[in-house]
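Reader: I am new to this structure and would like to understand the terms used for it. Could you show me the model and then take my questions one by one?

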Amino acid sequence: MMHFDILSVFPEVFAPYLDASIMGRAQKAGIFDFTAHDLRKWTHDRHHSVDDAPFGGGQGMLMKPAPIFEAVRDIASQASTKPYTVFFSPAGKPYTQKVAERLSSQERILFVCGRYEGMDERCYELADESISLGDYVLTGGELAALVVIDSIVRLLPGALGDEMSSRDESFSEGLLEYAQYTRPADFEGRLVPEVLLSGDHAAVAGWRRKSSLERTAIMREDLLANVSLSAEEQAFIEDIRAHKKASGIQSGGKGEDERNDTH
């Protein structure tokens with residue numbers, strides 16, 4: 001069983017999400033569990049203060065080092081396995097599916113959630129790794145921790161029920177996932193590609209590969225740099241690039257439905 005420790009000034013926010021849906025079922029199946037720790041437990045003043053004004057001036061408050069150091073050390077000392085400690089920071093490593101796969105091999109992970117204007121720089125020496133979810137600012141690290149936990153749990157054996165589910169998703173092979181459809185086959189004149197109704201598994205697999213390549217080339221072309229392509233697939237990508245250039249389509253915009261090679 002994988003265990004997550006979470007250090008936060010708002011530990012109550014985690015259970016509502018992690019006890020529900022897929023996460024809840026995975027917990028009941030003994031695939032993972034978690035403990036949300038209240039950082040204020042490791043404060044020793046009557047106000048349970050975890051922050052203070054930054055040296056040198058400036059707006060906002062910084063999280064103090066003493067409670068964080070004490071908490072991380074205490075949690076680690078009580079664990080049968082020393083947790084792999086993860087902090088969240090704009091200067092951290094960009095979070096990707098590859099990072100999720102690597103973290104899923106850990107037995108125990110401790111997430112330290114910052115708040116306010118961040119935390120005293122000395123706290124980061126406690127981290128085995130610092131992660132950034134992207135170039136934007138959140139109010140605190142709680143949402144980031146939930147995102148990372150969710151993405152890791154999905155990779156644990158048995159969490160999704162269907163073992164192929166996590167391998168068929170976007171980024172599992174470095175590409176965006178192929179387009180998907182369900183009933184009805186004809187919705188207001190919008191038809192499901194006939195190949196998906198054919199029952200020909202090889203043809204469906206071929207269509208899905210082309211759909212995945214097309215969506216990636218149009219929406220996230222940067223991902224293709226790390227994908228191994230056959231000569232035929234490379235020619236297909238070049239055709240899409242030429243079409244994008246001629247049509248003025250920007251990555252991440254509309255345009256996928258303007259082509260019908262795989263639809």
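Author: In this predicted model, the exposed residues A231, E232, K245 and A246 sit on the face of helix 7 that is turned away from its buried side.

Reader: What makes the buried residues of helix 7 line one face of the helix?

Author: The buried residues of helix 7 are E233, F236, I237, I240 and K244. Seen down the helix axis, these buried residues fall within an arc of 100°, and therefore they line one face of helix 7. The buried residues pack against helix 6, which covers residues 201-219.

Reader: Why is G114 called buried?

Author: The relative accessible area of G114 is 14%, and buried means under 20%, so G114 is counted as buried. G114 lies in the loop between strand 6 and strand 7, and, its neighbours within four places in sequence left aside, G114 is in contact with M63, M119, G140, G141 and E142.

Reader: Why does L133 count as partly exposed?

Author: L133 has a relative accessibility of 24%, which is between the 20% limit for buried and the 50% limit for exposed, so L133 counts as partly exposed. L133 is found in the loop between strand 7 and helix 5.

Conventions
Residues are numbered from 1 along each chain as its sequence is written. This is a predicted model: local features need pLDDT of at least 70, side-chain atom pairs count only at pLDDT 80 or more; totals for chains, interfaces and linings use all residues. Side-chain values use heavy atoms; hydrogens and water are left out. Helices (H or I, at least four residues) and strands (E, at least two) are DSSP runs, numbered from the N terminus. Buried means under 20% relative accessible area, exposed over 50%, partly exposed in between (1.4 Å probe, protein chains only). Contact means heavy atoms within 4.5 Å. The arc is that of the directions from the helix axis to the C-beta atoms.
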